[in-house]
Amino acid sequence: VQLQACGGGLAQAGGSLRLACEASGLTFDSYIMGWFRQTLGNKREFVADISWSGGNTYYAHSVKGRFTISRDNGKNTVYLQMNSLKPADTAVYYCAASSDGGPDDNNYPYWGQGTLVTVSS
C-alpha cells in the first residue's frame, strides 16, 4: 500500500491550498480516507475524514467551515481543500486509510509520507 500526498507549500494567512493524496495497492473505494496534521513535538491531530462513497464527511472543529475533504474513486485520490488559512494551520499534513475512520489515528493502518503546509501571517 502506498499513499502519496502532495500540494503542500507556503501560503499567506487568508489564502488557500489544495492537498491531494493518491493511493495504490489497496481497493480505494473500500476505505475511509482521513487527513491528519502534526506539528513538532505534538501528537497527530485529526483534520477530516470521508466515507467510502464520499457521501459522509467529518471535520475537526478547528477546520470546519474552512476545509473541505473530497475524493475521486476513479482516480484513487482524496483531496483537502484548505481555505481561509491561519498560521495555526501550519503543520505536516498526512493522509491515511482506514476501514473504520474517525478521529483516532490508531484506526488508520496506512499512512502517506506527509506534506508540509506553512501559513505566514
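This is a predicted model: local features need pLDDT of at least 70, side-chain atom pairs count only at pLDDT 80 or more; totals for chains, interfaces and linings use all residues.
Local features need pLDDT of at least 70 and side-chain atom pairs count only at pLDDT 80 or more, whereas totals for chains, interfaces and linings use all residues. Residues are numbered from 1 along each chain as its sequence is written, and side-chain values use heavy atoms, with hydrogens and water left out.

The structure holds 1 disulfide, the term being a pair of cysteine sulfur atoms within 2.5 Å. C21 and C95 form this bond, with their sulfur atoms 2.0 Å apart, and the torsion about the S-S bond is about 55 degrees, so the disulfide is right-handed. The pair links distant parts of the chain, 74 residues apart, with C21 in β3 and C95 in β9; strands are DSSP runs (E, at least two residues), numbered from the N terminus. Both C21 and C95 are buried, meaning under 20% relative accessible area, with exposed over 50% and partly exposed in between (1.4 Å probe, protein chains only). The sulfur of C6 lies 8.3 Å from the closest cysteine sulfur, in C21, which is too far for a bond, and C6 counts as partly exposed because its relative accessibility is 44%.

An open sheet of 4 strands has the order β1-β3-β8-β7 with antiparallel pairing, where two strands pair if DSSP finds at least two bridges between them.

| Strand | Residues |
|---|---|
| β1 | 2-6 |
| β3 | 17-24 |
| β7 | 67-72 |
| β8 | 77-82 |

The edge strands, β1 and β7, each pair on one side only. Strand β7 is joined to β8 by 6 bridges, and I69 stands opposite L80 in β8.
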